[in-house]
Amino acid sequence: MRLDIISVVPDLMRSPFEASIMKRAIDKGLVEIHFHNLRDYSNTNYKQIDDYQFGGGAGMVMMVEPIDKCITKLKSERDYDELIYMTPDGETLNQGIANTLSLKGNMIILCGHYKGVDQRVRDHFITKEISIGDYVLSGGELGAIILCDAIIRLIPGVLGNETSALTDSFQDDLLAPPIYTRPADYKGWKVPEILTSGNTPKIEEWREEQALQRTKERRPDLLED
Ligand code: ADE
């Protein structure tokens with residue numbers, strides 16, 4: 001998978017890709033991340049990329065031209081499966097979207113900043129608009145990191161067997177059951193006996209029950225359909 005991330009502040013985004021699971025995926029050659037600073041595509045001396053909105057109103061708007069130049073250059077070099085725009089009015093990210101996107105090859109992720117991008121960018125280039133939740137961030141960059149993390153950990157070979165994504169919360173529309181590790185008794189706080197019984201079918205049954213109970217209590221909406 002190749003991810004091209006377009007931003008006005010790419011430096012904000014580097015460190016999560018230099019640590020942990022995302023770094024491992026890059027080191028294994030399973031993912032390539034390329035940052036593109038939108039200011040490099042500005043045609044003005046002082047690298048302007050935003051301007052006042054037509055019709056008046058507070059907040060700057062990212063101009064169509066630098067974004068067009070950047071996207072057009074990238075598209076001339078390879079084909080893209082998706083061109084994603086991070087925006088609070090997009091489709092809310094969930095595990096289903098992450099699963100779908102983890103199967104793609106090349107994607108561009110455009111991070112909005114200020115008030116957002118000129119609508120013509122969205123009309124003519126963007127294939128998918130994603131929000132990470134019903135709150136407004138100062139830019140799409142942090143959302144893009146979250147999106148990348150959610151996608152990258154699902155790519156086959158990124159997680160070891162011991163951390164398989166198949167048992168994550170949401171993978172089967174259920175929250176994950178409680179988990180424990182050694183010691184089995186800490187200050188009298190005991191691990192449920194079933195987990196140390198060695199009876200694998202019973203343990204599986206217990207985990208399924210617990211997952212269902214937890215989902216009913218915390219996220220009944222997941223069980224609705
Ligand atoms: N940019 C600003 N707020 C955002 C959000 N909630 N999700 C994605 N991108 C954003």
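User: How far is a nitrogen atom of the ligand from a polar backbone atom of Ile-132?

Analyst: In this predicted model, the separation between the backbone polar atom of Ile-132 and a ligand nitrogen is 2.9 Å.

User: And what about Thr-87 and Tyr-135, how far are their backbone N or O atoms from a nitrogen atom of the ligand?

Analyst: For Tyr-135 the distance from a backbone N or O atom to a ligand nitrogen is 2.8 Å. For Thr-87 it is 3.3 Å, again from a backbone N or O atom to a nitrogen of the ligand.

User: How much of the ligand does the protein bury?

Analyst: The protein buries 96% of the 260 Å² that the ligand exposes when taken alone.

User: Changing topic. How many cavities of 30 Å³ or more does a search of the whole structure find?

Analyst: The search finds 1. The largest cavity has a volume of about 30 Å³.

User: What lines the largest cavity?

Analyst: Its lining is made of Tyr-41, Ser-42, Asn-43, Gln-48, Met-63, Glu-65 and Pro-66. By class that lining has 3 nonpolar, 3 polar and 1 charged residues.

User: How many salt bridges are there in the whole structure?

Analyst: The search finds 17 salt bridges. One of them pairs Glu-32 with Arg-2, whose closest N and O atoms are 3.6 Å apart.

User: What does the pair of Glu-32 and Arg-2 tie together?

Analyst: Arg-2 is in strand S1 (residues 2-7) and Glu-32 is in strand S2 (residues 32-37), so the pair ties together parts that are 30 residues apart in sequence.

User: Now the backbone. Where is there a cis peptide bond?

Analyst: Between Arg-182 and Pro-183, with omega at about 0°. Pro-183 sits in the loop between helix H5 (141-152) and strand S8 (185-186).

User: Which residue has a positive phi although it is not a glycine?

Analyst: Ser-20, with a phi of about 65°. Ser-20 belongs to helix H1 (residues 20-27).

User: Why point those two out?

Analyst: Because most residues other than glycine have a negative phi, and most peptide bonds are trans.

Conventions:
Residues are numbered from 1 along each chain as its sequence is written. This is a predicted model: local features need pLDDT of at least 70, side-chain atom pairs count only at pLDDT 80 or more; totals for chains, interfaces and linings use all residues. Side-chain values use heavy atoms; hydrogens and water are left out. On a 1 Å grid over the protein atoms alone, a cavity is a set of points where a 1.4 Å probe fits but cannot get out, and a pocket is an open set with protein on both sides within 12 Å along at least five of seven lines; lining residues have an atom within 4 Å of a point. Grid points are joined across faces, edges and corners, and a volume is the space filled by probe spheres set on the points. Ala, Val, Leu, Ile, Met, Phe, Trp, Tyr, Cys and Pro count as nonpolar, Asp, Glu, Lys and Arg as charged, and the others, Gly among them, as polar. A polar contact is a pair of N or O atoms within 3.5 Å; within protein, one must be able to donate a hydrogen and the other to accept it, and residues adjacent in sequence count only if both atoms are side-chain atoms. Accessible areas come from the Shrake-Rupley method with a 1.4 Å probe; for residues, only the protein chains shown count as cover. A salt bridge is a side-chain nitrogen of Lys or Arg within 4 Å of a carboxyl oxygen of Asp or Glu. Helices (H or I, at least four residues) and strands (E, at least two) are DSSP runs, numbered from the N terminus.
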